[in-house]
Amino acid sequence: MEQSKIDKNWPNALRWFLIQNLHSFTPWHIFDSADEFDFAAKAFERDDTSKGNVFVFASRQDNDDFAGLEVINGKITDKVIYFHSVFATGESDRSWNIVNAVYDDVFDFMSKQVIPDMKDWALTDDASEL
């Protein structure tokens with residue numbers, strides 16, 4: 001990502017990955033532009049039972065899993081919320097929580113969720129065939 005597109009208000013952990021152009025962690029992808037996953041942030045706001053807000057920065061390519069930084073009072077925090085949206089249309093009587101896990105920061109999310117997911121994929125896919 002171009003340095004000029006990286007907001008200094010984003011947590012340093014996220015900026016660390018972006019400034020180094022680290023985006024692909026198959027099956028996960030970190031955004032190429034700040035608004036790439038706006039649709040998922042809107043779905044989270046609509047679907048989350050706590051009616052929270054997130055700034056979504058990552059998606060898993062094989063399902064509707066996303067990761068976003070929690071937004072509190074308009075400020076993006078370090079806390080990563082890993083969720084699976086239902087992409088409901090309109091109001092829903094759904095009562096289950098779409099949040100799969102919460103991590104302290106982007107590094108915690110990468111080490112505990114993304115790297116194990118990468119390892120699972122690597123055990124089934126030969127890298128020379130990618």
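Buried residues, meaning those under 20% relative accessible area with a 1.4 Å probe and protein chains only, make up 40% of the 130 residues in this chain. Keep in mind that this is a predicted model, where local features need pLDDT of at least 70 and side-chain atom pairs count only at pLDDT 80 or more, while totals for chains, interfaces and linings use all residues. Numbering starts from 1 along each chain as its sequence is written, and side-chain values use heavy atoms, with hydrogens and water left out.

Now walk along the chain. You'll pass 3 helices and 6 strands, in the order α-β-β-α-β-β-β-β-α from the N terminus. Here helices are DSSP runs of H or I with at least four residues, and strands are E runs of at least two, numbered from the N terminus. The radius of gyration, taken over C-alpha atoms, is 15 Å, close to the 14 Å that the globule rule gives for 130 residues, so the chain is as compact as a globular protein of that length. That rule is 2.2 Å times the number of residues to the power 0.38.

The strands form an open sheet with the order β1-β2-β3-β4-β5-β6 and antiparallel pairing; two strands pair if DSSP finds at least two bridges between them. β1 (24-25) and β6 (99-103) stand at the edges with a single partner strand each, so one side of each has no neighbour in the sheet. Zoom in on β2 (residues 28-30), and you'll find it joined to β3 (residues 53-60) over 3 bridges, in the antiparallel sense. Ile30, for one, has Ala58 in β3 as its bridge partner.

Note on methods. Buried < 20%, exposed > 50% of the residue type's maximum accessible area, 1.4 Å probe, protein only.
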